[in-house]
Amino acid sequence: MKLAASLILPLALVAVLAGCRAEGAPSVSPTATTDGLTAEEDSILIGKLAQYTTVRLDADLSGLSDSTRQMIPLLIEAAKAMDEVFWMQAYPGDKDSLLASLDSEAAKRYVMINYGPWDRLDGDAPFLPGVGPKPLGANLYPRGATPEAIREAADLYPERDLLGLYTVVRRDARGRFEGVSYREAFQAQHERAAGLLREAAALAQEPGLKTYLELRAQALLTGEYQPSDLAWMDMRDNPLDVVIGPIETYEDQLMGFKAAHEAYVLLKDPEWSGRLQRYAELLPELQRGLPVDSAYKAETPGADADLGAYDVLYAAGDAGAGSKTIAINLPNDEEVQ
């Protein structure tokens with residue numbers, strides 16, 4: 001049995017993460033749109049789409065058990081919930097309203113690739129008329145909030161967790177900053193994903209994967225992610241792998257604190273993973289040979305680091321926005337590392 005899917009990849013894997021507003025540019029709403037594009041504007045967007053190509057992804061599932069294959073659609077549906085959340089984090093407006101405002105199919109397609117009207121291959125420059133610069137904090141902070149004001153409020157009200165990894169910053173009825181936990185702000189999506197992960201866990205035959213899925217489901221509901229990160233590190237023999245939840249902070253260009261939601265559903269390639277593992281065994285020796293001061297080599301890397309090669313069955317959210325990742329190095333929690 002084979003699984004086939006499609007992935008939109010940029011022909012040049014180049015992403016400039018921070019955009020800026022030109023001197024003298026008019027102040028316009030970041031979510032403003034127009035009802036239509038001129039022929040010239042539409043042609044420009046067709047050219048932008050040509051930067052990407054659709055790649056067919058094939059994965060051989062014949063070596064998987066029936067129960068393991070049954071897990072895949074559940075994990076993909078859980079990933080789709082993360083995609084919904086990432087739209088809410090990346091775009092300070094309504095996705096459906098934005099798409100409905102566009103007549104151009106090229107514009108709609110480019111909006112979907114970029115999770116908003118800003119070009120991730122062009123320094124987040126707006127590609128629709130009437131759209132202002134992308135807010136540096138995306139939709140993770142109130143519009144117009146500055147790092148200085150947020151830090152000042154965080155010092156005054158530490159209990160509001162304004163600088164937390166898993167909170168969005170909003171304003172209360174009195175205009176003051178408040179931190180809203182992800183489990184509250186994105187409750188519906190988190191609950192749906194958690195339920196699907198638990199269904200998949202019930203089908204998992206590999207104990208490590210089962211434990212990880214159960215703990216990750218719990219993390220989405222409680223906001224405590226470290227136990228599931230540790231469980232993810234313990235997995236070794238699982239044919240499927242899942243990266244899901246709020247992870248990377250690249251979307252937060254204002255302060256670099258807030259984790260964006262993403263998901264990967266992966267199928268391990270045992271042959272290539274075995275080849276890569278040889279490099280993991282050499283890590284201590286490779287570090288000793290680095291041409292840097294010994295102070296930078298105080299920690300000894302473990303020879304049991306897990307390197308793997310995978311087929312991507314599905315990518316969503318931050319993992320699917322604009323240019324595509326060709327490798328991941330997780331978890332980011334330094335205590336877990």
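Colleague: Why does tyrosine 296 count as exposed?

Modeller: Tyrosine 296 has 70% relative accessibility, so it counts as exposed. The scale calls a residue buried under 20% relative accessible area, exposed over 50% and partly exposed in between, with a 1.4 Å probe and protein chains only. Bear in mind that this is a predicted model, where local features need pLDDT of at least 70, side-chain atom pairs count only at pLDDT 80 or more, and totals for chains, interfaces and linings use all residues. Residues are numbered from 1 along each chain as its sequence is written, and side-chain values use heavy atoms, with hydrogens and water left out.

Colleague: Where is tyrosine 296 placed?

Modeller: Tyrosine 296 is in the loop between helix H11 (283-288) and E9; helices (H or I, at least four residues) and strands (E, at least two) are DSSP runs, numbered from the N terminus.

Colleague: On to the aromatics: what makes the pair of tyrosine 166 and tyrosine 182 count as it does?

Modeller: A search of the whole structure finds nine aromatic pairs. Rings of Phe, Tyr and Trp (its six-membered ring) pair if their centres lie within 6.5 Å; planes under 30 degrees apart are stacked, over 60 edge-to-face and the rest tilted. For tyrosine 166 and tyrosine 182 the centres are 6.2 Å apart and the planes at 65°, so this pair is edge-to-face. Tyrosine 166 lies in the loop between helix H5 (147-156) and strand E5 (167-171), and tyrosine 182 in helix H6 (residues 182-185), so the pair ties together parts 16 residues apart in sequence.

Colleague: How do you know whether tyrosine 182 is buried or exposed?

Modeller: Tyrosine 182 has a relative accessible area of 1%, so it is buried. Tyrosine 166, at 24%, counts as partly exposed.

Colleague: Why is the pair of tyrosine 166 and tyrosine 225 classed as it is?

Modeller: Their ring centres are 4.5 Å apart and their planes at 45°, so the pair is tilted. Tyrosine 225 lies in the loop between H8 and H9, so here parts 59 residues apart in sequence are tied together. At 4% relative accessibility, tyrosine 225 counts as buried.

Colleague: Which residues touch the most other members of the largest nonpolar core?

Modeller: Leu75, Tyr212, Leu213 and Leu240 do, in a core of 43 residues. Such a core is a set of buried Ala, Val, Leu, Ile, Met, Phe, Trp, Tyr and Cys residues joined through side-chain atoms within 4.5 Å. H2 gives the most to this core, with nine residues.
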